[in-house]
Amino acid sequence: MKKKYFYITLFLLFMFSLGAAAQESRASSSGKTQEPIDGLNIYPNPVSTGRIYITSKSAENKDVEIFDVLGKRILQASLSSKELNISSLTPGVYIIKIKEGEASATRKLIVK
């Protein structure tokens, strides 16, 4: 009986290791690499004022998207300055995606 459980456990470990290897190869073979934004700074975070400031070393326009934790896009804007009005967001945790030229970055944003 112990031998049977040993083989079942061994089989399950083997199957899970194959699944993990398949996921790693799929992620690396997508060919899409994310170039980081040089000197990116998002402040204040957590935010309670209804405004956030997004700065970087470059003066390029920034395309900003904010998603809720379920992945639904809540806000989309293109910034030529560093200030973004987020007063329409309810308190919670969000994901902010910033694209500047070919570079992009994703961060967590907390609204109080």
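Here is a short walk through the strands of this structure and one arginine among them. This is a predicted model, in which local features need pLDDT of at least 70 and side-chain atom pairs count only at pLDDT 80 or more, while totals for chains, interfaces and linings use all residues. Residues are numbered from 1 along each chain as its sequence is written, and side-chain values use heavy atoms, with hydrogens and water left out.

Let's begin with an open sheet of three strands, ordered E1-E2-E5 and paired antiparallel. Strands E1 (41–43) and E5 (83–85) stand at its edges with a single partner strand each, so one side of each has no neighbour in the sheet. From one strand to the next, the twist averages 25° (axes are lines fitted to C-alpha atoms, for helices over the stretch in contact, and angles run from 0 to 180 degrees between N-to-C directions). Strands here are DSSP runs (E, at least two residues), numbered from the N terminus, and two of them pair if DSSP finds at least two bridges between them. E1 is joined to E2 (residues 51–55) by three bridges, and tyrosine 43 has tyrosine 53 as its bridge partner in E2.

Next comes E6 (residues 92–100), which runs antiparallel to E3 (residues 62–68) with six bridges. Nine bridges join E6 to E7 (residues 103–111), and these two strands form a hairpin with two residues between them.

Strand E7 also holds arginine 107. This residue counts as partly exposed because its relative accessibility is 38%, between the limits for buried (under 20%) and exposed (over 50%), using a 1.4 Å probe and protein chains only. Beyond its neighbours within four places in sequence, arginine 107 is in contact with residues including Leu40 and Tyr94 (heavy atoms within 4.5 Å).

Notes:
Helix = DSSP H or I, 4+ residues; strand = E, 2+ residues; numbered from the N terminus.
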